[in-house]
Amino acid sequence: MPDGATSVLDVRGLETVFRTRSGDVHAVNSVSFRLRAGELLGVVGESGSGKSVTMLSLLGLLPMPPAEVRAGAVMLGGTDLLRADAGTLREVRGGRVGFVFQDPMTSLNPVFTVGEQIIEPLRRHKGLTRAEARARAAELLDMVGIPDAGKRLSSYPHQFSGGMRQRVMIAIALSCDPEVLIADEPTTALDVTIQAQILDLVRDLRAKLGMAIVWITHDLGVIAGIADRVLVMYGGQIVEQAPVDRLFADPRHPYTQALLRTLPRHGAARGARLRTIEGQPPILREVPGFCTFRDRCPHRFDRCDRENPARVAVDGLPVGTGHDAACHWSAPAPHA
């Protein structure tokens, strides 16, 4: 993917809160990023870091209330999705943007056949006749590697294995030729062999179709094999952003460094314990005026308690285009 590729999705200053009886929870705090045409953008972080909430916020898929998107813009072409009416959002979801959810068993409707669940978006978004939509549905199942695709259109979700159900979800997401595919931890519930098959499938489909992909995961090992660029999220914020090779070779944020240390090491002694990150991600009851990683950071100093660090360029390129990190300790400016 060329560095000068145009942006298909531009997210600016996104803020999402959950309103609870005990007060607001600030789940996404001023998140900004761009997705380039043909790019695979990895989004990584622990559970509770804000990855999924960010992506669901883009398409208005969070229950409102208790969720509330309080600020930001999400530009898909010339359309701001945060200000779009319900009809426009219905056309975008499953049309211009496909979404693969984490658990295909709860995402697929158990009382409808797989064929019906692929045919419906084709008729809605593409205006195909029932016969045309059924033929296209069979092509899609075949494309994602399901044997006897035409016959399996009449099967129900429970008649497929976990890996096959995830392939069905990918087929549904791809059915209307989306500009953007968002995959929310789609291999988490699958065994390692099936995970590898799904990753190979995504690589092949991306090469064939040329779409832009956002891949959400907690697994840096997965990201290493498929992503062009990576966003690292913590405390509802992007704390580091870089091309994938540079992120692994020269991580600048202490959280990114800690995540990389948790990866299994080739050649480690048998029975060696995996490293962990002590503590838990924060539940933020206010817009943070401090570093959200401070309580778990070995490099914490006084500035971390009084100022939330902004993303600063590491490589001299504008923030968001090269390598940047939000950390006082790693920032090129002298420590205050």
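Let me begin with a term: a residue is called buried when its relative accessible area is under 20%, exposed when that area is over 50%, and partly exposed in between, with a 1.4 Å probe and protein chains only. What I am showing is a predicted model, in which local features need a pLDDT of at least 70 and side-chain atom pairs count only at pLDDT 80 or more, while totals for chains, interfaces and linings use all residues. Residues are numbered from 1 along each chain as its sequence is written, and side-chain values use heavy atoms, with hydrogens and water left out.

Thr54, with a relative accessible area of 0%, is buried, and its place is in helix α1, residues 51–58, where helices (H or I, at least four residues) and strands (E, at least two) are DSSP runs numbered from the N terminus. Leaving aside neighbours within four places in sequence, Thr54 is in contact with Leu14, Val28, Val31, Phe33 and Met233, contact meaning heavy atoms within 4.5 Å. Thr54 and Arg252 are 198 residues apart in sequence, and their C-alpha atoms are 23 Å apart in space.

Turning to the nonpolar cores, I mean by that term sets of buried Ala, Val, Leu, Ile, Met, Phe, Trp, Tyr and Cys residues joined through side-chain atoms within 4.5 Å. The largest has 58 residues, of which Ile118, Leu141 and Trp215 touch the most other members, and helix α7, residues 162–174, gives the most to this core, with seven residues. Apart from it lies another core, of 33 residues, including Leu9, Leu41, Met55 and Leu62. Ile118, if we leave aside its neighbours within four places in sequence, is in contact with Ala137, Leu140, Leu141, Ala171, Ile172 and Ser175.

Next comes helix α8, whose 18 residues, 192–209, should span 26 Å at 1.5 Å a residue, which agrees with the 26 Å between its end C-alpha atoms; the expected span is 1.5 Å times one less than the number of residues. Which residues of α8 are buried? They are Gln195, Ile198, Leu199, Leu201, Val202, Leu205 and Arg206, and, seen down the axis, the buried residues fall within an arc of 160°, so they line one face of the helix, the arc being that of the directions from the helix axis to the C-beta atoms. The face turned away from that buried side carries the exposed residues Thr193, Asp204, Ala207 and Lys208. The buried residues of α8 pack against β3 (40–44), α5 (130–143), α7, β8 (212–217) and α9 (220–226). Gln195 counts as buried at 17% relative accessibility, and just after α8, Gly210 takes a positive phi of about 70°.

On a 1 Å grid over the protein atoms alone, a cavity is a set of points where a 1.4 Å probe fits but cannot get out, a pocket is an open set with protein on both sides within 12 Å along at least five of seven lines, and lining residues have an atom within 4 Å of a point. Grid points are joined across faces, edges and corners, and a volume is the space filled by probe spheres set on the points. The largest pocket has a volume of about 600 Å³, and of the 23 residues that line it, the closest to its centre are Gly94, Gln117, Glu120, Pro121 and Ile172. The largest share of that lining, six residues, comes from α4. There are four cavities of 30 Å³ or more, and the largest cavity, of about 50 Å³, has Cys291, Cys297, Cys304 and Cys327 among its lining residues.
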